[in-house]
Amino acid sequence: MPKYVDPEARRRDVVDALFRVVVRDGLQRASLRAVADEAGLNIGSLRHYFAGQQELMDFAMQSMLDRLGARLLRRVEEIGELGGHPRPEQLRLAVELLAELLPLDEVRRAEVAVFLDFSTAARTSPEFAGLARRTAVGARELVRRVLGRLDACGALRAGLDLGAETERLTALLDGLGMTAVLHPDLLGAQACLSVLRGHVGELAAAA
């Protein structure tokens, strides 16, 4: 009797293989054959799940966003209502939520590396542009919500332009992520966290 293969589980395995290829060799070398070899499949089996590279890339990016979204949702549930926490705890929880966008461990490092390659490819490949833009918009929306929640509970300095601060903080996260992936010897995980904490602390109202 043929062994049953869960198609969704197999797709996830293929996505994990794609991530490994991109992190190790770059997006430009993530051909269907390279991903199939990494996943331990023949090219025919891979095509059973993905018609072509475009479909595989789209599914992989969406899967990454779904994973990140699930982690962020858990963080949001942990935070609950920020107003119910002392000021230092409010800031700590906000930093931990924002830190999900930084390459602080192997999972997040792979996500940021894949996103950087994908975003670079989107500049000249229209087929990637829509999803790359939605990802960038989603990151800004997350930052805006975190700052808005901190502001609503009085944790931020009065008179801040939240639109401008959203752009500043988003740019900081983007810069930290890119540098930490490209030059981990210059910027490690603890340094990333320290810079993020310092920036959020500068936005905070006096205790």
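**Exercise 1.** Which residues are linked with Arg71 in a network of salt bridges?

*Solution.* Keep in mind that we're working with a predicted model.
- Step 1: the network links Arg71, Glu100, Asp105, Arg108 and Glu111.
- Step 2: check burial, where the cut-off is under 20% relative accessible area. Glu111 comes out at 7%, so call it buried; Arg71, at 16%, is buried too.
- Step 3: Arg108 is buried at 13%, while Asp105 is partly exposed at 34%.

**Exercise 2.** Work out how H6 packs on H8.

*Solution.* 
- Step 1: the axes lie 10 Å apart, at an angle of about 100°. Angles of 65 to 115 degrees count as roughly perpendicular, so that's the label for H6 against H8.
- Step 2: look at who meets whom. H6 brings Arg109, Val112, Ala113 and Leu116; H8 brings Gly177, Met178, Ala180 and Val181.
- Step 3: sort that contact by class, and you get 6 nonpolar, 1 polar and 1 charged residues.

**Exercise 3.** Find the contacts of Leu173 beyond its neighbours within four places in sequence.

*Solution.* 
- Step 1: start with the largest nonpolar core, which has 30 residues; Leu173 is among those with the most contacts inside it, along with Leu98 and Leu196.
- Step 2: skipping those sequence neighbours, Leu173 touches Leu98, Leu101, Leu102, Val143 and Leu196.

Definitions and conventions:
Residues numbered from 1 in each chain as written. Predicted model: local features only at pLDDT ≥ 70, side-chain atom pairs only at ≥ 80, totals over all residues. Heavy atoms only, no water. Core = buried A, V, L, I, M, F, W, Y, C linked by side-chain atoms within 4.5 Å. Buried < 20%, exposed > 50% of the residue type's maximum accessible area, 1.4 Å probe, protein only. Contact = heavy atoms within 4.5 Å. Axes fitted to C-alpha atoms, helices over the stretch in contact; angles between N-to-C directions. Helix = DSSP H or I, 4+ residues; strand = E, 2+ residues; numbered from the N terminus. Parallel < 35°, antiparallel > 145°, perpendicular 65-115°, else oblique. Nonpolar A, V, L, I, M, F, W, Y, C, P; charged D, E, K, R; others polar. Salt bridge = Lys/Arg side-chain N within 4 Å of Asp/Glu carboxyl O.
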